[in-house]
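Work through the exercises below with the sequence and the model side by side. Try each task before you read its solution.

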Amino acid sequence: MATTKATPARASRQRAAGPRLAPYGFLVPATVLFLLFFALPIGYAVYLSLHKVRISGLGLGKNARHEVWAGLSNYTGVLSDTELVHGALRILGYGALVVPTMLGLALLFALMLDASRTRLRGFSRLAIFLPYAVPGVVAALLWGFLYLPTVSPFDFVLGKLGLPIPDLLSGGAMFGALANIAVWGGTGFNMIVIYTSLRAVPAEIYEAARIDGCSELQIALRIKIPTIAPALVLTFFFSMIATLQVFSEPTTLKPLTNSISTTWSPLMKVYQDAFVRGDIYSAAATSVVIAVITLVLSFGFLKVANSRTSQGESR
């Protein structure tokens, strides 16, 4: 009798455990993908950054090259590498041009599209967003040919008008040329994010402001921009990370000019070390350093933004 009573109880417990375990079953595919394509590569990069190759003799035998523990020597070499430091400084100058310009244009376009008297809103939204759909390599190639004096239609028109023809692929103008590619491609995405946030604001707030005598400019400055502050923080966060990871634009333009070195950006330095010099251990250490710096800057920025938001809500 005891056995027959326990069996229904056990079955009921199993039926009750099914719904509790179901969410974990749905998480299994995402967890496996996360481990295979995110956690495992990061762990392997950290492992490589702590090792190096030791060559015995002439390095021609079967066991002449073997992997040994390097400790923090790879990181010491990375942090003292002047090429990496110069690349980081170039990226800072590049980001100082790209991020404010791109976000300023994205905010301006979003406010213009959200205005009540805007015509052809759907076409304008699509036209501004469309450059984002062009792959970065293709966009860099297109702009690269437009920058070349021998094939650029702009240079032809300027020559016919007797105006000076700027060299956009050398000197300080090259930063503006690279920044233009990023701004042209990224403004549409950030505009969509900001515009979507604007459309979520209740229309009654705008109507009340207009009844109180506010102009469209006052509504934009005093209501719209403060309301969409979280969206602005999000777009700045994404733009900052994309700037730290710039690679395709300078790499694509490099064959067109001698002003872009093989280590122009930190990620180009990683590529040069790993696939040209064959030093994957130093490249892994550089990658870890870049990832840590990106994480620290991102966490610090979000921390400051959250503290400002909390202070504003408390007031």
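Predicted model: local features only at pLDDT ≥ 70, side-chain atom pairs only at ≥ 80, totals over all residues.

Residues are numbered from 1 along each chain as its sequence is written, and side-chain values use heavy atoms, with hydrogens and water left out.

**Exercise 1. Salt bridges**

Task: Find how many salt bridges the structure holds, then trace the network that includes Asp81.

Solution: 

Step 1. A salt bridge is a side-chain nitrogen of Lys or Arg within 4 Å of a carboxyl oxygen of Asp or Glu. Side chains of opposite charge can pair when their charged atoms come close.

Step 2. Take the total. The structure holds 8 salt bridges.

Step 3. Start at Asp81. Its partner is Lys269, and the closest N and O atoms are 2.8 Å apart. Asp81 sits in the loop between helix 2 (73–79) and helix 3 (82–114), while Lys269 belongs to helix 12 (residues 266–276), so the pair ties together parts that are 188 residues apart in sequence. Helices here are DSSP runs (H or I, at least four residues), numbered from the N terminus.

Step 4. Move to Arg277. Asp273 pairs with Arg277, with 2.6 Å between the closest N and O atoms. Asp279 also forms a salt bridge with Arg277, at 3.8 Å between the closest N and O atoms.

Step 5. Join the members. Asp81, Lys269, Asp273, Arg277 and Asp279 are linked in a network of salt bridges.

Step 6. Sort the members by accessibility. Buried means under 20% relative accessible area, exposed over 50%, and partly exposed in between (1.4 Å probe, protein chains only). Lys269 is buried at 4%. Asp273 is buried at 1%. Asp279 is partly exposed at 24%. Arg277 is exposed at 51%.

**Exercise 2. Helix packing**

Task: Classify the packing of helix 3 with helix 7, helix 7 with helix 10, and helix 3 with helix 10.

Solution: 

Step 1. Axes are lines fitted to C-alpha atoms, for helices over the stretch in contact, and angles run from 0 to 180 degrees between N-to-C directions. Angles under 35 degrees count as roughly parallel, over 145 as roughly antiparallel, 65 to 115 as roughly perpendicular and the rest as oblique.

Step 2. Take helix 3 and helix 7. Their axes come within 7 Å and cross at roughly 40 degrees. Helix 3 and helix 7 are therefore oblique.

Step 3. Take helix 7 (residues 173–199) and helix 10 (residues 229–244). Their axes come within 9 Å and cross at roughly 165 degrees. Helix 7 and helix 10 are therefore roughly antiparallel.

Step 4. Take helix 3 and helix 10. The angle is about 150 degrees, and the axes are 10 Å apart. Helix 3 and helix 10 are therefore roughly antiparallel.

Step 5. A crossing is left-handed if the near helix is turned anticlockwise from the far one by less than a right angle, and right-handed if clockwise. Helix 3 crosses helix 7 in a right-handed way. Helix 7 and helix 10 have a right-handed crossing. Helix 3 with helix 10 is right-handed too.

**Exercise 3. A surface patch**

Task: Which residues make the nonpolar surface patch of about 590 Å²?

Solution: 

Step 1. List the members. They are Val28, Val32, Leu33, Leu36, Phe37 and Leu40.

Step 2. Check the criterion. Patch residues have over 30% relative accessible area and no salt bridge; like charges are joined within 9 Å, nonpolar side chains (Val, Leu, Ile, Met, Phe, Trp, Tyr) within 5 Å. Areas come from the Shrake-Rupley method with a 1.4 Å probe, and for residues only the protein chains shown count as cover.

Step 3. Leu36 is in helix 1 (residues 2–49). Leu36 is partly exposed at 46% relative accessibility.

Terms used:
Helix = DSSP H or I, 4+ residues; strand = E, 2+ residues; numbered from the N terminus.
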